[in-house]
Amino acid sequence: MHRHLYLLPIVVAICAAFALVDEVDGEYLIGVGSYDMTGPAAGVNMMGYANMDQSTAGIHFRLRARTFIVAESSQGARFAFVNLDAGMASQLVTIKVLERLKTRFGDLYAQENLAISGTHTHAGPAGYLQYVVYSITSLGFISQTFDAIVAAIEQSIVQAHNNLRPGSIFLNTGDVVNAGINRSPSAYLFNPPEERDKYTSNIDTTMTLLKFLDSASNRSIGAFSWFATHGTSMSRDNKLISGDNKGAAARFFEDWFSFSNSSISARTTKFSTTHGISTLTKKAKKVKATGGKPCGKTTSQGSKVRKNDGTRFVGAFCQSNVGDVSPNVLGAFCTDTGKSCDLNHSSCNGNDQLCVGRGPGYPDEILSTKIIGERQFEKAVELFSSATNLLSGKIDYRHTYINFTNLEVQLNESTVVKTCPAALGPGFAAGTTDGPGMFGFQQGDTEINEFWKKLRDLLKEPSKYQVDCQQPKPVLLSTGEMFEPYAWAPAILPIQMLRLGNLVILSVPGEFTTMAGRRLREAVKETLISNGNGEFDDETHVVIAGLTNTYSQYVATFEEYKQQRYEAASTLYGPHTLSAYIQEFTKLAKAMATGEKPAGTGLLPPDLSSVQISLLQDPLGDSPPPGKRFGDMEQDVARPKGGGSFKKGDKLNATFWSSNPRYDLLIEGTFAVVEMLQGERWIPVFDDDDFSLFFKWNVDNSGLYGLATIEWEVPEVAASGIYRLRHFGSSKKTKDSPNEYYTGASSAFTVS
């Protein structure tokens with residue numbers, strides 16, 4: 001990890017933060033929870049870039065569902081907010097989670113007071129959304145991905161519910177520097193100059209953070225923050241499961257709290273040795289690889305560095321109005337010339353595929369992920385440490401379902417317009433500077449050539465009504481008019497407001513651009529103040545939780561829609577989509593301000609679980625080569641030249657014969673461990689949830705046998721000593737026998 005995480009001066013300066021605020025009586029019940037949701041790590045398409053070639057082939061670090069619950073009392077108003085290391089929320093996931101919660105808790109948690117939000121990582125397994133357009137590249141529905149997410153959400157909520165205790169909540173805000181840029185600046189300029197003049201930047205730089213303090217111990221149990229930047233630090237070519245920059249920030253924050261709060265030293269320091277390195281090296285050479293051995297189903301859980309006992313600090317980095325915000329802050333450049341891309345079309349001599357954004361660690365996407373994650377983490381630490389704004393007041397919520405495909409929108413006293421059935425324009429196919437799309441398309445295209453029109457019409461020719469309604473967007477895919485083999489796009493969407501004192505969270509089912517989000521926040525706040533009879537004022541803080549409860553792509557402003565860059569081309573319901581959201585959210589805001597319940601629409605989204613199609617092939621890697629066992633070494637750790645020790649920053653690896661990780665996801669376990677010798681015991685010090693450790697899986701050259709490669713970049717916090725790498729896995733389950741679990745360890749080596 002970066003040295004910032006463990007620098008003594010920072011920790012000493014911030015240790016007081018854990019008891020910074022004078023002891024206060026808890027006004028609320030608060031609880032937090034977290035659970036592993038890492039899906040299949042081999043051969044499953046990733047969600048986000050719609051790249052058929054991007055399938056999982058290992059884990060950089062694990063994905064989690066993180067939850068906070070707040071309640072006025074055991075029987076009073078409450079809501080639960082879940083943050084997923086996932087591309088977005090899913091309507092079908094929400095439906096099935098609600099069914100499980102109904103069984104457990106009755107009506108305590110329902111669609112009105114449960115929010116499920118995605119961080120928008122583009123490095124998680126796909127196949128968990130129910131509409132066709134979101135499952136084409138994943139070859140349909142993938143139950144293993146879906147089940148892991150649903151189970152993790154449920155378990156994180158259960159954990160948070162069981163942890164409810166009196167506590168206090170503090171709010172703080174501040175600006176995050178250089179963690180995002182506007183990837184469609186030319187579209188932003190279409191917004192009125194007088195509106196743009198109200199802001200100093202073409203992105204929102206504010207981070208909003210909640211700090212949860214247990215009244216009994218006067219210690220924090222968690223922190224949740226909202227800040228807008230895309231989960232695209234990891235590129236469309238990456239094949240390792242990753243929470244991207246927000247997942248990285250969460251890992252850094254939770255580790256910072258847990259390790260600095262218990263000891264100034266990092267995990268390995270307490271196992272350091274007084275023996276000379278030459279003595280250790282001689283001892284290490286005697287420790288050979290173990291070979292593959294059987295183990296239990298839960299054995300790998302015992303080797304986890306961060307065991308989930310329900311008491312750990314939970315730090316979550318949630319998404320906001322992220323539509324046009326990229327973490328690739330160096331800008332977009334042509335890969336052939338190195339020059340800046342065309343401003344309006346983000347192309348290079350007409351080729352969109354050559355225009356690619358660069359992160360701050362360019363050309364190293366892992367480093368870029370780390371840097372953008374650290375910038376969010378460091379701001380969160382600052383806000384967490386200085387938070388003194390104690391929240392008080394009501395907990396409340398409002399929720400409704402809206403059919404966005406034919407909604408009347410009152411623009412002014414004399415003008416009524418309508419939204420449209422969902423449709424995508426050619427700018428959608430062009431992709432973005434974060435992940436270029438198909439050749440032959442550019443952002444800003446307002447024409448479709450005849451070849452693509454004919455191909456489109458083979459799928460579904462858009463109706464004249466649709467073509468006229470979506471103007472100036474040319475309709476490339478009329479997804480709202482496509483229903484074979486089942487619905488291609490959502491029609492009925494949830495919108496939701498959650499209130500925690502003077503904080504109001506707007507749960508939106510898509511990606512609002514910067515200016516679209518600003519307009520929505522301002523409209524809601526104005527409505528609350530004007531109708532709240534003094535209960536809301538200028539101190540009321542409104543934050544957008546993007547990609548929440550379901551997913552319906554982008555929401556651009558009416559003006560941005562005219563240029564038809566990617567965000568506008570992906571604004572499904574036509575040019576008045578944002579106006580529709582503002583109209584419906586202000587209705588909810590008025591109902592909240594006046595204490596009324598919104599008028600019911602009688603609408604519910606469909607449950608399409610019974611019609612899902614899955615074309616994903618069964619996993620490969622059923623058995624090891626003849627004469628080998630799973631867990632045996634294929635390639636042991638290669639010692640440094642001269643047979644000495646590894647240094648900080650060195651990279652080393654070992655490869656094991658391995659079964660396909662799809663046979664068991666090892667939830668709350670690990671496929672890879674770095675162990676350190678302490679006395680006669682091997683102690684786990686890093687696992688596949690660490691930024692320095694990589695678990696990679698593939699088949700060998702024959703295409704028949706699986707290989708797991710564990711790579712470790714020795715971090716600065718690693719103490720001198722003897723180490724080895726260990727692999728866990730599970731073999732194929734048959735009709736006659738359950739999974740067989742195995743493990744194997746490399747030979748030992750030293751780090752100096």
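Predicted model: local features only at pLDDT ≥ 70, side-chain atom pairs only at ≥ 80, totals over all residues.
Ring pairs tie F61, F252, F253, W256, F257, F313, F317, F377, F384 and F691 into one cluster. Find its members in the structure, and note how their numbers run from F61 to F691. Aromatic pairs occur elsewhere too: the structure holds 37 of them.

The cut-off for buried is under 20%.

R724 lies in strand β32, which covers residues 721-730. Its relative accessibility is 8%, so R724 counts as buried. What does the side chain of R724 make a polar contact with? The partner is the side chain of E675, at 2.7 Å.

Now step back to the whole chain. Its secondary structure comes to 16 helices and 34 strands. The radius of gyration is 26 Å, close to the 27 Å that the globule rule gives for 752 residues, so the chain is as compact as a globular protein of that length. Along its principal axes, the C-alpha trace spans about 85 × 65 × 55 Å. Of the 752 residues, 63% count as buried. The accessible surface comes to about 27800 Å². Carbon and sulfur atoms hold 51% of that surface.

Seven of them, 7 strands in the order β7-β2-β3-β30-β31-β27-β26, form an open sheet with antiparallel pairing. Its edges are β7 (124-125) and β26 (633-635); each has a single partner strand, so one side of each is left without a neighbour in the sheet. Further in, β3 (residues 55-59) pairs with β30 (residues 693-699) in the antiparallel sense, over 2 bridges. I59 has F695 in β30 as its bridge partner. In a regular strand, side chains alternate between the two faces of the sheet.

Strand β2 of this sheet holds M47. The strand runs over residues 42-47. M47 has a relative accessible area of 10%, so it is buried. Which residues surround M47, beyond its neighbours within four places in sequence? Its contacts are M88, T121, H122, A123, G124, P125, A126, Y128, L129 and Y134. G124 and P125 carry the numbers of edge strand β7. M47 and G729 make a contrast: they are 682 residues apart in sequence, and their C-alpha atoms lie 25 Å apart in space.

Other strands meet around β8, residues 165-175. Strand β1 (residues 28-36) runs antiparallel to β8 and is joined to it by 3 bridges. There, Y28 stands opposite G167. With β10 (residues 206-214), β8 pairs in the antiparallel sense over 9 bridges. T173 finds its bridge partner in T208 of β10. β8 also pairs with β17 (residues 389-390), again antiparallel, over 2 bridges. In that pairing, L171 is opposite N389.

A local pairing ends the tour. Strands β19 (residues 408-412) and β20 (residues 415-418) are antiparallel and share 4 bridges. What joins β19 to β20? A hairpin does, through 2 residues. Across this pair, V409 stands opposite V417.

Conventions: Residues numbered from 1 in each chain as written. Heavy atoms only, no water. Buried < 20%, exposed > 50% of the residue type's maximum accessible area, 1.4 Å probe, protein only. Polar contact = N/O pair within 3.5 Å; in protein donor to acceptor, adjacent residues only side chain to side chain. Pairing = 2+ DSSP bridges. Rg over C-alpha atoms; globule rule 2.2 N^0.38 Å. Areas by Shrake-Rupley, 256 points an atom, 1.4 Å probe, with all protein chains shown as cover. Phe/Tyr/Trp six-rings, centres within 6.5 Å; stacked < 30°, edge-to-face > 60°. Contact = heavy atoms within 4.5 Å.
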